[in-house]
Amino acid sequence: MEEKLKLTIAHLYPKLLNIYGDFGNVLTLKRRCGYRNIDCEIAQINTGDDIDISKYDIYFIGGGQDKQQIEVSKELQKHKESLRQAANDGRVFLAICGGYQLLGKYYQPHDGEKLLGIGILDAYTVAGNTRFIGNVTAETDFLEPKTLVGFENHAGLTYLEEGTAPLAKVVVGNGNNSKDGGEGGRKNNVFGTYLHGSVLPKNPHFADYLIKKALSVKYNRDIELEKLDDTIEMNAHNDLINKKY
């Protein structure tokens with residue numbers, strides 16, 4: 001009898017960090033699992049909730065404004081060690097914008113105290129004077145096709161340190177800081193990006209990469225995913241390549 005596969009997603013603080021439709025990323029993972037008869041459960045983790053890392057295969061955290069990031073920063077500190085352990089165990093993390101910043105070491109706003117991150121990405125963010133807004137095209141070295149497309153809207157400048165590589169190289173747009181050509185960060189199975197929009201519906205190959213990674217870690221073997229008809233998704237993807245606005 002064929003083994004029934006299952007993944008469980010921890011959606012971290014969706015009531016605080018869910019700007020620009022970031023929930024669409026979680027929904028995409030669930031739907032793409034469902035199309036393949038892979039069970040996928042979404043568990044919302046809100047302020048005050050415990051996080052039992054033995055239950056979750058994928059962790060997702062979205063973006064938000066500074067006010068919400070302050071609250072989430074404090075909440076994440078309560079779970080810093082367990083989330084670090086989950087990352088060290090190879091669990092998949094996807095973080096968008098403000099959530100990406102809080103997976104790094106810290107975010108320093110223009111006004112106010114430094115917001116501590118949990119340091120599972122070797123990165124830090126400081127508030128800049130310019131807001132980066134527009135479509136982004138970037139190229140990875142681990143996906144096929146190589147391109148990622150999305151929409152950035154951030155003033156934070158993120159700088160990666162040794163131990164964390166860029167998620168992709170910017171072709172159009174600003175990315176992490178408009179200077180070093182990098183977009184997002186990647187360390188083991190932890191992925192951070194400034195791409196909203198949501199990012200995964202327009203990049204189904206990235207969604208499948210995350211699903212495959214999570215399954216391989218959970219079941220300790222390589223699992224091939226059934227190929228889906230992504231004609232519509234890839235038409236949307238290709239239509240946005242190299243568009244600035």
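**Close-up views of a predicted model**

**View 1. Lining of the largest pocket.** Seventeen (17) residues line the largest pocket, and Arg36, Glu144, His205, Asp208 and Lys227 lie nearest its centre. The model is predicted: local features need pLDDT of at least 70, side-chain atom pairs count only at pLDDT 80 or more, and totals for chains, interfaces and linings use all residues. Residues are numbered from 1 along each chain as its sequence is written, and side-chain values use heavy atoms, without hydrogens and water. A pocket is an open set of points on a 1 Å grid over the protein atoms alone, where a 1.4 Å probe fits, with protein on both sides within 12 Å along at least five of seven lines; lining residues have an atom within 4 Å of a point. The largest pocket holds about 350 Å³ of space. Helix H5 (residues 204-219) gives the most to this lining, five residues.

View 2. The structure holds zero disulfides (pairs of cysteine sulfur atoms within 2.5 Å). For cysteine 33, the nearest cysteine sulfur is that of cysteine 40, 4.4 Å away.

**View 3. Strands E7 and E8.** E7 (residues 123-139) pairs with E8 in the antiparallel sense over 13 bridges (strands are DSSP runs of at least two residues; pairing takes at least two bridges). Alanine 127 stands opposite glycine 156 in E8. Strand E8 (residues 147-160) is mostly covered, with 11 of its 14 residues buried.

Notes. Grid points are joined across faces, edges and corners, and a volume is the space filled by probe spheres set on the points. Helices (H or I, at least four residues) and strands (E, at least two) are DSSP runs, numbered from the N terminus. Buried means under 20% relative accessible area, exposed over 50%, partly exposed in between (1.4 Å probe, protein chains only).
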